[in-house]
Amino acid sequence: MSETTGASYAAAGVDIEAGDRAVELMKEWVKKTQRPEVLGGLGGFAGLFDASALKRYERPLLASATDGVGTKVDLARKMGVYDTIGHDLVGMVVDDLVVCGAEPLFMTDYICVGKVHPERVAAIVKGIAEGCVLAGCALVGGETAEHPGLLGEDDFDVAGAGTGVVEADRLLGADRIRTGDAVIAMASSGLHSNGYSLVRHVLFDRAKMSLDQQVEDFGRTLGEELLEPTKIYSLDCLALTRTTEVHAFSHVTGGGLANNLARVIPDNLHAIVDRSTWTPGAVFDLVGQAGQVERLELEKTLNMGVGMIAVVPEESVDAALTTLADRGVDAWVAGEITERGEHTTGATLTGDYAN
């Protein structure tokens, strides 16, 4: 007579002990992100942030943003590199917050996996923590969810949410922009975290390239180039707001430079950006040539070498460029704000890219 073994969570594919092990491994990295306003440690049901720190504001406005990394996670999985993708996640969230002038205060993350590999999860959190340090915000908590049956054992995805604060009378945006303002571009570190569905289709499906393929123009493998972490601009942007007058920022993500810049341009004005002021990196040329992708299609999908835009008064240009240079940010005047014509939109790219 045979015995029937009762069902269990572990038999269904969820390993609680592995999850606990992952939490222990990630604790040291989370500690590195702590700000003095953070209360308690990792492992509670909610992260705590001392809101009395906001008393120094006359009228504090809380800003909130959430995002993910998209299909770039698939490349990280295939390469077995898990400690950089967190930089991308943080950059996508905190640099949306700073667009309105908000200082990022804290983040939470959500990591979904097919099977918990504790060291792998800890490596992902390590990258998120390092990104938070670069952004000046705390990682106050998160969730690791195991979804056997829905995801393969090596599959994963990440998402996060962040909260920031800005003084009401220092809120940045379209209402501050004036004719004659300068458009300052800040260089991206590469593709960042947008357009990877197009990039993967072009380079792997059409061009049949491989992640370990050496690319002379990159001086490294294709995979290493594609996993280059997103540059995090939040502290650089906040430094600008302290050293000179800034009217608006625009985070260049999905949709490209023109579409994202148009989001902060008032209805009566127009931003003209001159392509000849910069040369997109080699990775953009590779995607365009390998897939015979038209320039306009590239520009509405990829950042083309510009990850953040600052709109400043003309008299603030020198101070802004000096501040960014002192912080090691490659930046330049890429355009200007003009009156909007009858047939113009919020932002237009003109000219040809420099060789």
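Which residues do ring pairs link into a cluster with W278? In this predicted model, ring pairs join W278, W332 and Y353 into a cluster. Local features require pLDDT of at least 70 and side-chain atom pairs pLDDT 80 or more, whereas totals for chains, interfaces and linings use all residues. Residues are numbered from 1 along each chain as its sequence is written, and side-chain values use heavy atoms, with hydrogens and water left out.

**View 1. The aromatic pair of W278 and W332.** The whole structure holds four aromatic pairs (Phe, Tyr or six-membered Trp rings with centres within 6.5 Å; stacked under 30 degrees between planes, edge-to-face over 60, the rest tilted). W278 and W332 form a tilted pair, with 6.0 Å between centres and 40° between planes. W278 lies in the loop between β11 (269–274) and α9 (282–290), and W332, 54 residues apart from it, in strand β13 (residues 331–339) (helices, H or I, of at least four residues and strands, E, of at least two are DSSP runs, numbered from the N terminus). Both W278 and W332 are buried (under 20% relative accessible area, 1.4 Å probe, protein chains only).

**View 2. Charges over tyrosine rings.** The charged end of R275 sits over the ring of Y353, 5.9 Å from its centre (NZ of Lys or CZ of Arg within 6 Å of the ring centre and within 35 degrees of the ring normal). K231 lies over the face of Y233, at 5.7 Å from the ring centre.

Note on methods:
Buried < 20%, exposed > 50% of the residue type's maximum accessible area, 1.4 Å probe, protein only.
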